[in-house]
Amino acid sequence: MVKLLRLSLLFFALLGSAADVVPHDQTYYTAKIRNTELIYTQKNLPFAKMAAAIQLQLQPQYEALYGYVMDEPIIVGLLSDYNQIANGFSTPYPNNRQMNYIGGAMLVDYFSSTSWLKALLCHEAAHNYQMNAKDNSISSTLHDIFRNGAVFNPLWTLPNTAESSFLLEGNAVLNESYHGNGGRLYSGRFLAETLMQARAGYLTPERLYNDHYFFLYGSHHYTLGGYYHYFLAQQYGLKATNSYWKKHSQDWFWPFFTNNSMLRAVGVDFESSLAQWRRSMEARAERMTVISGDLVASSQFFMPLSSNSEEIFFLINESGREAPELVRLNKENLHVNTEHRSLIAGKVLKVEGAYVTQAGAMISPFRIYQGLFDDGAYLVPSTRSKVIQGYLQDGRAVYFDVPTSFDQPQLYVGEAFYAQVNSSVFIDAADNLYYFKQKGKTRILYKNRTPLMRVQGYYATVCDVDADGAVYFIGASPYGSTLYRVNKGRVERLSRGDTIIDARLIDNTRALVALVGSDAYTYEIVALEAEAETPFETVLYFEDNASLFTTLPSKPPTVAMNHSYSSLGNMNYSGTDFEIGADENNTLLYHVSINFADPLGQNAVSLFSLRNADAVTLAGASYSNSQYLLRYGLTAYGVVDSDDNRATRDYGMVAEAMLPFLKRGYYSGDVTTRYLQDYETQSREPLSISLNLMRQEHYGVSMFPNALSALSLFGLRDRDNSGYGGRLRFEQHLWRENYIAVSGQYVSSDADSSEHDRGVKLSSSLWDTLGDPATVVMPSLRHTRYVQKATAVRTSVKSVFNLSAYYFTFPISLRREALELAYSYYDIEDFDDRYDAQELSVGITFDTLWLNRQPVPITITYVYNDNEQIAKHHNAYFSVGMEF
């Protein structure tokens, strides 16, 4: 029976949505430029001026290329250095906005771009124009009424939000790459990855269009999607390629006609155009040279090499699903040492004998910083807000200063500014610094402050220096990426291989290189063979069209700190969510929510009305706040109408507050209090407070946590009764993809009878635990029961299988499966009796993907219970979940 389920989900979703910025963030300011609202801090004022100048050129350009003017302003956030994340995002919910984070200096070698901020703005703005298109009267009318609310069943306000990430991200990579700022289409690594997938025959609609668990994983949307869209732009023009989004938005009823939309945009359907591109890439791949050497290690994710005078060291994740391994290669005897470590994925540095990695993570409940992190994922304090490149012999750090590197990396040595650079920095044994700087399309290699060499392009990184002072660097080849050397002005290519993306010298004749494969990255020892050849210049067809470049004017537009941002004052109408349906009796069911939110997501208000399957109509309002460390939410409702046979209260409320006190390394902790008041007068009204502690490690694409320890203790008041209890659980990865879990729960109440649902609740549904920690779940239970005390112990083993079947036109794909065997024991003390029960269960979960992008786990479970008084002996269950 559906009671407060809809209301509970509404409330918990509100509180569960963290803001886009950390709590207790810096003061923000706003400025309006054209149809853009900029949000920025005082420290970011110079970058806000730069963003304003870019938006003035970028938006008219995108309006012409995407073929329409957006019906909502773009909100562009330049977030503070309390949020050091190497990423950004765009979304139409709850407003048409993009949030740009400051941590891009850590990815300087990945993006092949001069300016991190400019690359972000161009990429994320492309997403804004993709998703906000509404080239039909239905969607535009819905927008006039509901704004960008979630209106489905079966009408779509924003049809393009249903599109695959392969097209969304691939198109954005294309559009980031023609502004005179470089971009990932200039990356030799990206080209090598694409051609290696082509060599293996992997450029198929089924593999490209879906979110899968094959090598390259989600990055294939950017890598392969970018080159596919570049092919379209070459063949049919940039404007026709971008017009896909306007054409696709015409499908307001069923926005999954990718073939037809592409046909309307460029004159060729999606599958045919993909086949054309596949053939062209396979032809190029035949001409690339793939080398092999002595295998040292392989990894599903690329992590850079590091070295000192004695060894080469780096992280790998061979399975992509386990804890990473630290690999150390002794240069003298080539002995390889491999050991599992709990390091965050990233480049390894050796500091004072300890191995640490470059990374970014939460170091407290209200700060995210970049720096060096140790085995426990703890920040090394002296490296906060620094992307450490290494240390000089006198102990001074060489690093990028994160707060000032929003545009381009600002290199410091100790406390002194050294240079603005555009690559990572290599430090030799004599404390010389080697790096690249970008000037237009010219990439200049420096030794300290002296230029050594110039190459054309945006892709080149220093990887080593030999005893003679020759500099080794990774650069572009005609078919990917390879290793070069420059010595006294002479440039040489050191391998015919086109798949080398990193290298470290073993001696002057051999190197350990990172190679791109079709199914993994490999780290192999190869011989060096020198021949005169300079790095290949990647030339994209639109470079001759200077009108596409966005350049900064000599006098940027006026952006000041005249208008402070207020999370309450900047709240605005953000959309209406509307759903309608019917139950088995054809009774009308609906849920409508009118939403208001501020652009940073710190405050949200919803006015709602709903009618559920209990024939109860509710109306009310919800408010949530995540601006400060104490996050809280409140839902108040009134009963408008109900079944005459149901005793309901006139009004009620749901409230929750959470105070996180620990977020450091793999540990988290919070104190949470909840109050849940059902609309039925005789139902429970639990007011609870709980202490929650957890340590969790989760690596790669593991289906389950690799290690988890969690403790929850609570006290509860339900009307005039009290209760308390707790839950302890452990989960651990064993080997390959096998896991074990053990959990225990104890709940006690001082109620002396079960009248009016008093005491400890025994339920067959996990939903009943929402807001009521005094609930013990027994899946095979016949009916909900209320008892005085309950103890539950559960142990299980899980095995994951990777049998997959991906489809392009068929709406459901299978990604992987998990088999679970479990045993549960229950000790139950009723008000006038005591009994126990044992459950044995076997279940299989199918990780399915619906409509090419929505994960939907489907679980089939058989449960045997030995206590037929309270449960059925034999039970079979079928459940469908939803992941977000």
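Colleague: How many bridges join strand 27 to strand 28?
Modeller: Seven, and the two strands run antiparallel. Strand 27 covers residues 510-516. Strands pair here if DSSP finds at least two bridges between them. This is a predicted model, where local features need pLDDT of at least 70, side-chain atom pairs count only at pLDDT 80 or more, and totals for chains, interfaces and linings use all residues. Residues are numbered from 1 along each chain as its sequence is written, and side-chain values use heavy atoms, with hydrogens and water left out.

Colleague: What is the bridge partner of Val513 in strand 28?
Modeller: Glu524. Strands 27 and 28 form a hairpin, with four residues between them.

Colleague: And which residue in strand 28 does Ser298 stand opposite?
Modeller: Thr522. Strand 6 (residues 294-299) pairs with strand 28 in the antiparallel sense, over five bridges.

Colleague: Why is strand 28 largely enclosed?
Modeller: Because six of its seven residues, 521-527, are buried. Buried means under 20% relative accessible area, exposed is over 50%, and partly exposed lies in between, using a 1.4 Å probe and protein chains only. The strands (E, at least two residues) and helices (H or I, at least four) are DSSP runs numbered from the N terminus.

Colleague: Now strand 32. What does it pair with?
Modeller: Strand 33 (residues 617-625) pairs with strand 32 in the antiparallel sense over nine bridges, and Leu610 has Leu618 as its bridge partner in strand 33. Eight bridges also join strand 32 to strand 31 (residues 588-597), again antiparallel. There, Tyr590 is partnered with Arg611 of strand 32.

Colleague: Where do the positive phi values sit in those hairpins?
Modeller: In the hairpin of strands 31 and 32, Gly601 has a positive phi near 75 degrees. In the hairpin of strands 32 and 33, Ala615 takes one near 60 degrees. Each of the two hairpins has five residues between its strands.

Colleague: Is strand 32 mostly covered or mostly exposed?
Modeller: Mostly covered: seven of its nine residues (603-611) are buried.
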